[in-house]
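Work through these exercises with the structure open. Try each task before you read its solution.

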Amino acid sequence: MTLHRLREMRAQGEKITMLTCYDASFARLLDSCELDCLLVGDSLGMVLQGQSSTVPVTLDEMAYHTRCVARGNRHAWLLSDLPFGSYQESLDQCMRSSVALMQAGAQMIKLEGGGWTTEAVHFLTQRGIPVCAHLGLTPQSVHALGGYRVQGRDADGAATLRQHARELSEAGATMLVLELVPTALAAEITEANPQLITVGIGAGNVTAAQVLVLHDMLGITAGKLPRFVRNFMATGASIEQAVRLFVSEVKSGRFPDNGQHGF
Ligand code: KIV
Ligand code: NA
């Protein structure tokens, strides 16, 4: 997979598939199911480490899991999360942390937030590092946001999200995760920014791509699943079947269902 091909898919309206991945075995399996993108998400703090948020995850841990995934992956586009505290300090620190993930095997780095991140996105993209931004519910800011809830419901919040998305696109971001935002707003942002490959999670089926946390869609995550998740193991007899079902349901536009999974 290449960025050129992903842009082509976005332009042609072919839905792009992405799941999180943290190790070589799953990377091999997901890649063999022709998933378009793998994200080494800092959600590994919760699903692998048992932490209650992504805040404690370190850059060394992200680099380690990125190396593991890169060894198992052959075709999929590989993104890796800059963890909390590894890019907020300065452009220098952001560049250094991004280099660490790229050298571990990432082809694109992801960072959270809008406004102040515009400068960092410009800095990285000018220096040859493709960037995925992340707006809406940004889990590294969960304590500041006051919990895991839908963002951009009110007019002010929606206007800020629209503005941040435009700024990030102009700064050179090529992908943008929209997490827990109303479907109508995700549709507006997707239409207003043709250069951005929008990636939805809890944002309806209107974005160019869809992502889920692997352990959520395989039904491994304990407790009540968020509304936007579907357990693809409920009907699949094997992990491979569940992943192939996710791919076909996203490609055909059947997942997510705006009524059942959207806001
Ligand atoms: O860390 C993660 O898994 C993510 C996705 C949910 C977008 O950032
Ligand atoms: Na993340």
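**Exercise 1. The shell around ligand 1**

How do the residues of the shell around ligand 1 divide into nonpolar, polar and charged?

Solution. Keep in mind that this is a predicted model. Start by listing the residues around ligand 1: Thr20, Leu39, Gly41, Asp42, Ser43, Asp81, Val177, Ile201, Val211 and Val213. Next, sort them by type. The shell has five nonpolar, three polar and two charged residues.

**Exercise 2. The recorded binding site**

Which residues does UniProt list for "binding site"?

Solution. Go to the record first. The unreviewed UniProt entry lists Asp42, Asp81 and Glu112. They are spread over 71 residues of sequence, yet they cluster in space, with a largest C-alpha distance of 11.0 Å.

Now take Asp81. Its place is in strand 3, residues 77-81. Asp81 has 31 C-beta neighbours inside 10 Å, so it counts as buried. Set aside its neighbours within four places in sequence. Asp81 is then in contact with Val40, Gly41, Asp42, Met62 and Lys110.

Turn to Glu112. This residue sits in strand 4. Glu112 has 24 C-beta neighbours inside 10 Å and therefore counts as buried. Leave out its neighbours within four places in sequence again. The contacts of Glu112 are then His134, Thr138, Gln140 and Ser141.

**Exercise 3. The partners of strand 5**

In which sense do strand 4 and strand 5 pair, and over how many bridges?

Solution. Begin with strand 4, residues 108-112. It pairs with strand 5 in the parallel sense, over four bridges. In strand 5, His134 is the bridge partner of Glu112. Follow the chain between these two strands. From strand 4 it passes through helix 6 (residues 117-126) to strand 5, a right-handed β-α-β crossover.

Then look at strand 6, residues 175-179. Opposite His134 stands Val177 of strand 6. Val177 is also among the residues around ligand 1.

**Exercise 4. Strand 5: buried or exposed?**

Are the residues that point either way from strand 5 buried or exposed?

Solution. Val131, Ala133 and Leu135 point one way. Cys132, His134 and Gly136 point the other way. Now check both groups: all of these residues are buried. Draw the conclusion. Six of the six residues of strand 5 (residues 131-136) are buried, so the strand is largely enclosed by the rest of the structure.

Notes: Residues numbered from 1 in each chain as written. Chains lettered and ligands numbered in written order. Predicted model: local features only at pLDDT ≥ 70, side-chain atom pairs only at ≥ 80, totals over all residues. Buried ≥ 20, exposed ≤ 12 C-beta atoms within 10 Å, placed from the backbone. Pairing = 2+ DSSP bridges. Right-handed = clockwise from strand over helix to strand, strands pointing away. Near = placed C-beta within 6 Å. Nonpolar A, V, L, I, M, F, W, Y, C, P; charged D, E, K, R; others polar. UniProt positions renumbered as here; feature names shortened; annotations may be inferred. Contact = placed C-beta atoms within 7 Å.
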